[in-house]
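Hi everyone, thanks for making time.

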Amino acid sequence: MTTLIVRSQGTNSDTGPIAPHGGALRERLLAGAERPAALDRARSLPAIELTARQVADLELLAVGAASPLTGFLGRRDYERVLTDIRLDNGTVWPIPLTLAVDAGPAGVTGLADEVALTYLGQPLAILRVADRYTYDKAREARQVYGTEDGAHPGVAALAAQGELLLAGEVDVFALPERPFAAYRLTPRQTRDAFAERGWRTVVAFQTRNPVHRAHEYIQKCALEIVDGLLLHPLVGETKDDDIPADVRMSCYEVLLKQYYPANRTLLATFPAAMRYAGPREAIFHALLRKNYGCTHIIIGRDHAGVGSYYGTYDAQQIFDRFDPAEIGIMPLKFEHTFYCRACEGMASAKVCPHDTTEHVTLSGTRVREMLAAGQRPPPEFSRPEVADVLIAAMRAAPEG
């Protein structure tokens with residue numbers, strides 16, 4: 001287990017050029033004598049066993065990434081998030097962070113004021129139960145994902161979870177061991193890193209995929225107007241057919257080593273699980289990167305989308321529904337980019353006058369076919385170093 005060492009209720013003097021969402025980091029990490037005392041107390045409490053997705057949400061709360069939340073949403077906040085994309089106090093919040101449990105195991109807790117939260121049998125935290133309520137899964141699916149289709153991975157995850165929601169503040173004293181320890185920076189640590197580098201403006205790039213030339217192009221366009229780039233890949237739960245996090249991390253490492261200025265880039269992991277909620281998740285990703293200290297975030301084509309559930313630029317347009325001051329972090333909206341043979345460089349439809357026959361574009365299916373055959377995609381599409389990492393990973397993967 002990983003021991004967590006600091007807890008802060010948050011102050012308005014949190015380091016960095018941008019205030020956290022709600023004004024202060026709300027870390028839920030226990031320190032000093034609080035930790036063993038809470039662990040002892042947890043061992044005597046009724047226990048709720050968490051899923052991997054719930055542990056990811058718990059980590060967001062623990063490190064302050066989900067500020068201003070200090071725990072899982074109660075009924076009033078939950079209802080307003082669904083209907084208005086706001087907490088009950090009016091603060092913008094797009095995704096309901098809730099703790100769903102099965103009615104049977106939840107009944108074991110009775111009317112306990114506190115329950116232990118465990119994972120693989122190991123105590124992680126104490127939930128101070130403030131509310132218990134049932135909810136309509138189909139309604140949440142329509143509101144958050146825009147569909148009730150069970151083929152949508154977010155809807156499928158929602159359908160599989162428990163029927164009862166437990167709410168309340170959490171006190172966290174441990175999290176499971178995680179890979180990529182050197183990159184697992186908390187919001188306070190990234191804010192400190194930005195301050196040490198003298199970065200006053202920082203752009204975040206959210207990704208669950210390897211970075212190809214199109215991504216590299218928009219990142220470097222953004223770097224022209226800010227001090228630093230936080231490459232912030234999501235390493236929580238994703239779809240089964242997404243590229244594994246360890247392979248993606250290797251791709252990022254080779255790419256940054258060869259093609260990015262070291263003094264203007266920082267690679268750190270984002271512990272959230274992927275929800276594939278399209279527009280709402282774009283807002284979610286932006287607000288959490290604001291908590292990590294970023295002043296800007298890149299929002300590209302179909303950000304956080306899956307299949308054809310969302311319009312190409314829905315995730316950009318949703319920002320227009322809010323006063324920019326309510327969001328606090330500036331979205332940098334980029335269109336689909338590509339290599340144009342006639343332009344002899346990377347471009348988008350905004351700047352390229354040429355026919356699409358001049359554009360080097362490949363479908364995800366075609367890229368996977370080429371990599372499986374040991375073939376590098378064209379260098380205009382993907383850096384050879386990244387292609388080599390992906391080819392090696394596919395060769396090493398077990399068949400079937």
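I'll go through salt bridges, then a pocket, then one histidine, and finish with some backbone details.

Quick ground rules: this is a predicted model, so local features need pLDDT of at least 70 and side-chain atom pairs count only at pLDDT 80 or more, while totals for chains, interfaces and linings use all residues. Residues are numbered from 1 along each chain as its sequence is written, and side-chain values use heavy atoms, with hydrogens and water left out.

Okay, salt bridges. By that I mean a side-chain nitrogen of Lys or Arg within 4 Å of a carboxyl oxygen of Asp or Glu. Searching the whole structure turns up 26 salt bridges. One of them pairs Glu-59 with Arg-178, with the closest N and O atoms 3.2 Å apart. That pair links distant parts of the chain, 119 residues apart: Glu-59 is in helix α2 (residues 52-63), and Arg-178 is in the loop between β8 (174-175) and α7 (187-197). Helices (H or I, at least four residues) and strands (E, at least two) are DSSP runs, by the way, numbered from the N terminus.

Are the two partners buried or exposed? Glu-59 counts as buried at 5% relative accessibility, whereas Arg-178 is partly exposed at 25%. The cut-offs there: buried is under 20% relative accessible area, exposed is over 50%, and partly exposed is in between, with a 1.4 Å probe and protein chains only.

Next, Lys-137 and Glu-163 meet in a salt bridge at 3.0 Å, N to O. Lys-137 lies in helix α5 (residues 137-145) and Glu-163 in the loop between α6 (153-160) and β7 (164-172), so this pair ties together parts that are 26 residues apart in sequence. Lys-137 is buried at 14%, and Glu-163 is partly exposed at 45%.

For a local one, take Glu-369 and Arg-366, with their closest N and O atoms 3.6 Å apart. Both sit in helix α13 (residues 364-372), three residues apart, about one turn of the helix. There's also a network: Arg-28, Arg-128, Glu-169 and Asp-171 are joined by salt bridges that share partners.

Now the largest pocket, which holds about 1,700 Å³ of space. How many residues line the largest pocket? There are 50, and Asn-209, Pro-210, His-212, His-215 and Gly-364 lie nearest its centre. For the record, a pocket here is an open set of points on a 1 Å grid over the protein atoms alone, where a 1.4 Å probe fits, with protein on both sides within 12 Å along at least five of seven lines; lining residues have an atom within 4 Å of a point. The volume is the space filled by probe spheres set on the points, which are joined across faces, edges and corners.

On to His-232, in strand β10 (residues 228-233). His-232 is buried, at 0% relative accessibility. Its side chain makes a polar contact of 2.6 Å with the side chain of Arg-289; that's a pair of N or O atoms within 3.5 Å, where one must be able to donate a hydrogen and the other to accept it, and sequence neighbours count only if both atoms are side-chain atoms.

Last, the backbone. Ser-67 and Pro-68 are joined by a cis peptide bond, with omega about 15 degrees. Pro-68 is in the loop between α2 and β3 (71-72). Leu-120 isn't a glycine, yet its phi is positive, near 55 degrees, and Leu-120 is exposed at 68%.
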